[in-house]
Amino acid sequence: MSTGLLDFQTDRDAALKLIDWFDIDRVRAARILVVGAGAIGNEVLKNLALLGIGNVFVYDRDTIEMSNLSRSVLFRSSDAGALKAAVAARRMIELNPSVSARWQAGDVTLDLGLGVFRTMDVIIGCLDNREARLHVNRVCWKLDRPWVDAGIGQLNGQVRAYRPGNGACYECAMTESDYRRISVPCGAIASRYASEGKVPTTPTIASIVAGVQVQEALKLLSPEVWTGRMISGREFVFNGTSCAAAFVDLPVREDCPAHDTLSPESILELPKASATVTTCGELLAAARSELGEGAVVDLNFELAVDLRCPGCQSVQRLLRPFRKVYREDLECEKCGRQGYVVTTHTIGGTAEDYEEDFLGLPLAAIGVPRFDILTARGDGGMEVSFELSGDGSGDLGWNGGTETMEDQEAANART
Ligand SMILES: [Zn+2]
Ligand SMILES: [Zn+2]
C-alpha cells in the first residue's frame, strides 16, 4: 500500500488511514452514546477518543471517589468529588481534540430523554446493574438502535451485542426470578441512604471487554461489511482465570416484552416542544388533535401523584417518578404516620382517585426529561409518539455548534 500521501509527522490519523476497512469518514460522523463512566466506561471512552469517533455522549450519575482511581484511566486524584461524566468528556477532548464529547449526569432509567438515544448510531452500555441494562435494552429496541453490553468480575468478563430485529435482546434471557429481583413492591421502597453493593473488579478485565465492545461498535457502524463476523445475538465470554474464550448463542424468546419497535413514521418531531416549557396539558392537546378526544399520553415511568395519610387523611402532592420516592418521604408531614402513594402512568387518563391539576405544569415538573419521546394512545388503538425536539437542538443535540465545556456544565447545572 502506498503511504506517500500520509504525513506521519503531523497527521494523528495517519496510521488509522492505513487500515483498509477503517472508514474514517464514517467514524468521524459517528454518534455514540456511552452509558456508564466507571471501570469499563473509562476504557471504552479512551478507545473512542483514540479512534477519533466524531461525536460521543457520556452519561453517568456518579461522582468520582478515590477508590475509582485503580480502574479509571481518565480520572486523577484531583477529580475526586467531580461528576464522572463531565471529567471523562473533558479528558476525551484532551486525548483527541477532534472528538466532540458531550455529557450529562443522571439516572439513565429516568433522566435521559429517549430523543438522545434516537440520534445515536450505537449505544455502548458500561453498566453495573440489571435494571439499567433492562431500560437501555427496551429503549434501543423501541427506537431500533444497536447496543453493546458488557459485564466484568475480577478476571472474567462477557460482551453481548444486540441488533433489533436480528436475534435475541437482553431481556430474552430474563427469567421469572430475574423479574422478581428488580421489581419494587410498595412495601419495599428503598431508603435514600441505601448503599449500593461495590463489586470488586480490575482494570485489566475492564480493558479487555472494553476493547471488544469498541471493536464491535465500530463494526455496527458498517454492519453490511461485517455480516456473520459480529457478536450480535451472541455472547462473547472471556474466562481470564483459565485464559479461554467462547461464544454462547443467545436464544430468542418469542413472547419477549421488549421487542416492540416504534415505526419511524409514528414519531412526530415537535421542534418547539421542550420538557421545561411545554406543559402536560399542551402535550395532551397535541395528542388529542392527532388521535381524538379520548387520547391519553403514556409516561415512560410511574408517576407518584399524592401521598395519602390513613391517619389524618391529609393529602400531600409528590409529582415525581415513583422511583424517586424514598422510604423517608412516606411519613405524613402532619401526624407522622406512614402514608401510601397514589400513582399513574398517564396524562389525561381517568383520574378518579386524584385531581389532575398538574396539566398547567411543564412536563419537567413531573419528571419528564429533556428531549424525551412520549407515546399517546387513542380510542381505536392508534398510537403516535411525540419527540420534544426543541430540547435536541441546543446543548443536548449535535447541531448546536462547538460549545465549551463550561457551557455544558452550566447547562447541566440548570436541570
Ligand atoms: Zn427479547
Ligand atoms: Zn397524617
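**Briefing: helix packing, sheet and domains**

Helix α3 (residues 39–51) packs against helix α8 (residues 203–221) at an angle of about 50°, and their axes are 8 Å apart. α3 is therefore oblique to α8, a class for angles that are not under 35 degrees (roughly parallel), over 145 (roughly antiparallel) or 65 to 115 (roughly perpendicular). This is a predicted model, in which local features need pLDDT of at least 70 and side-chain atom pairs count only at pLDDT 80 or more, while totals for chains, interfaces and linings use all residues. Residues are numbered from 1 along each chain as its sequence is written, with chains lettered from A and ligands numbered from 1 in the order in which they are written.

**Helix pair α3 and α8**
- Helices (H or I, at least four residues) and strands (E, at least two) are DSSP runs numbered from the N terminus.
- Axes are lines fitted to C-alpha atoms, for helices over the stretch in contact, and angles run from 0 to 180 degrees between N-to-C directions.
- The contact includes Ala39, Ile40 and Val44 of α3 and Pro203, Ala206 and Val209 of α8; two residues are in contact if their C-beta atoms, placed from the backbone, lie within 7 Å.
- By class, this contact has 9 nonpolar, 4 polar and 1 charged residues (Ala, Val, Leu, Ile, Met, Phe, Trp, Tyr, Cys and Pro count as nonpolar, Asp, Glu, Lys and Arg as charged, and the others, Gly among them, as polar).

**Sheet**
- An open sheet of 8 strands with mixed pairing runs in the order β3-β2-β1-β4-β5-β6-β7-β8; two strands pair if DSSP finds at least two bridges between them.
- β3 and β8 (244–249) are the edge strands, each pairing on one side only.
- Strands β1 (residues 31–35) and β2 (residues 55–60) are joined in the parallel sense by 5 bridges, and leucine 33 has phenylalanine 57 of β2 as its bridge partner.
- α4 lies across β2 and β3, at about 175° to β3.
- Helix α6 (residues 130–142) lies across β1, β4 (122–125), β5 (147–152) and β6 (157–162), at about 170° to β4.

**Hairpin**
- Strands β10 (residues 296–308) and β11 (residues 315–321) pair in the antiparallel sense over 5 bridges.
- Arginine 308 has valine 315 in β11 as its bridge partner.
- The hairpin has 6 residues between the strands, and glutamine 313 takes a positive phi near 65°.

**Domains**
- The chain is assigned domain 1 (14–249) and domain 2 (264–414), with bounds from an automatic or database domain assignment.
- Their C-alpha centres lie 27 Å apart.
- In the contact between them, 22 residues of domain 1 meet 27 residues of domain 2.
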